[in-house]
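Let's take a friendly walk through this structure together. Keep the sequence and the 3D view open as you read.

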Amino acid sequence: MSIKSLIDHIKQKQSYLCVGLDTDDQKIPLHLRSQKDAVLAFNKAVIDATLDHCVSYKINTAFYESMGIRGWEIMQETLEHIPDTHFVIADAKRGDIGNTSAQYAKTFFEAYGFDAVTVAPYMGEDSIRPFLEYTDKVTIVLGLTSNKGAEDFELQRLQSGEFVYERVLKTVSGWGTPQNLMFVAGATQAKELVNIRRIVPDHFLLVPGVGAQGGSLQEVAAYGSNKDIGLLVNASRAVIYASQAEDFSQAAAKAARSYHDEMRALMRS
Ligand SMILES: O=c1ccn([C@@H]2O[C@H](COP(=O)(O)O)[C@@H](O)[C@H]2O)c(=O)[nH]1
């Protein structure tokens, strides 16, 4: 899916919610656990329940890779259940020497058909270029992450006085365009969003960290949106585990609807 189609969907639906399918087989409701392929059944129910309230799904590959071969198959079958109206992200945080990155890009863009994949910038240009060569796909580079460990490197200052994450945004934004490149910016880093927008005014930001990590949607919208909204705000646990009982899909729908209502109101304000 192109960025233009994503923007159209956001405007039409008045939502920029991305539901994170971080499905942990130890957290799905007990009544599903005895069933064969309980994770797939859970995902399908969550997708069906939340589809009307979001524009994107993010599959964190760790939750599927940890299940072995069947996990990869469940990831693929989950993808097949998501309609092509929705932008699908592989949150895989890859990046390696060029020929290896080319294989990662082929895995997520060709073998699985994701619209986007997350990539770590630490290894530099040759580790990111193979992803960007897929000009009809989107490479999402970690900018300023939502976790405490962001202080260890991303928020360290270089001799020039800039933060490491600022150098990442300035340099990497020159390698792609707002049509094939996004950045991750944590909702828990709201006070830096103004600065991030100054450096990358036109790129989409994938913003994890609302819900379970405590980030504020209102602050993200106030400091992080641009003329096209330019945001995909992810919520994983707060939606998919809103209830761990038999009413899990209704609870997921309610949580997603609540984000949708808040986003609609923020877009109108
Ligand atoms: O900076 C980052 C980058 C990625 N993530 C991922 O987003 C979701 C957040 O899950 P919640 O349950 O909504 O907290 C998860 O897949 C992380 O690996 C992030 O949190 N921060």
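Lys93 is partly exposed, because 16 other C-beta atoms lie within 10 Å of its own. A residue is called buried with 20 or more other C-beta atoms within 10 Å, exposed with 12 or fewer, and partly exposed in between, the C-beta atoms being placed from the backbone. Lys93 is found in strand S3, residues 87–94. Its phi is near 50 degrees, a positive value in a residue other than glycine.

Before going on, here is how to read the model. It is predicted, and local features need pLDDT of at least 70, side-chain atom pairs count only at pLDDT 80 or more, and totals for chains, interfaces and linings use all residues. Residues are numbered from 1 along each chain as its sequence is written. Helices (H or I, at least four residues) and strands (E, at least two) are DSSP runs, numbered from the N terminus.

Asp37 also has a positive phi, about 55 degrees, although it is not a glycine. You will find Asp37 in the loop between helix H2 (30–33) and helix H3 (38–50). Asp37 is partly exposed, since 14 other C-beta atoms lie within 10 Å.

Now for some helix pairs. Axes are lines fitted to C-alpha atoms, for helices over the stretch in contact, and angles run from 0 to 180 degrees between N-to-C directions.

| Helix pair | Angle | Axes |
|---|---|---|
| H3 and H5 (residues 69–81) | roughly 20 degrees | within 10 Å |
| H6 (residues 98–111) and H7 (residues 125–132) | about 30 degrees | 8 Å apart |
| H9 (residues 190–199) and H10 (residues 217–224) | about 20 degrees | 8 Å apart |

How do H3 and H5 lie to each other? They are roughly parallel; that word covers angles under 35 degrees, while over 145 is roughly antiparallel, 65 to 115 roughly perpendicular and the rest oblique. Val39, Leu40, Asn43, Lys44 and Ile47 of H3 meet Ile74, Glu77, Thr78 and His81 of H5. Two residues are in contact if their C-beta atoms, placed from the backbone, lie within 7 Å. This contact has four nonpolar, three polar and two charged residues. Here Ala, Val, Leu, Ile, Met, Phe, Trp, Tyr, Cys and Pro count as nonpolar, Asp, Glu, Lys and Arg as charged, and the others, Gly among them, as polar.

H6 passes H7 in a right-handed crossing. From H6 come Gly98, Ser101, Ala102 and Ala105, and from H7 Asp126, Ser127, Arg129, Pro130 and Phe131.

H9 and H10 also have a right-handed crossing. Ala190, Leu193, Val194 and Arg197 in H9 meet Glu219, Val220, Tyr223 and Gly224 in H10. Those residues divide into five nonpolar, one polar and two charged.

Is Tyr64 buried or exposed? Tyr64 is buried, because 23 other C-beta atoms lie within 10 Å. Tyr64 sits in helix H4, residues 62–65. Leaving aside neighbours within four places in sequence, Tyr64 is in contact with Ile59, Gly71, Trp72, Ile74 and Met75.

Finally, look at the ligand. It is surrounded by 19 residues, the closest being Asn60, Thr145, Pro208, Ser236 and Arg237; a residue is near a molecule if its C-beta atom, placed from the backbone, lies within 6 Å of it. Strand S8 (231–235) and helix H11 (237–240) are the elements that give two or more residues to this shell. The shell divides into five nonpolar, eleven polar and three charged residues.

Methods. A crossing is left-handed if the near helix is turned anticlockwise from the far one by less than a right angle, and right-handed if clockwise.
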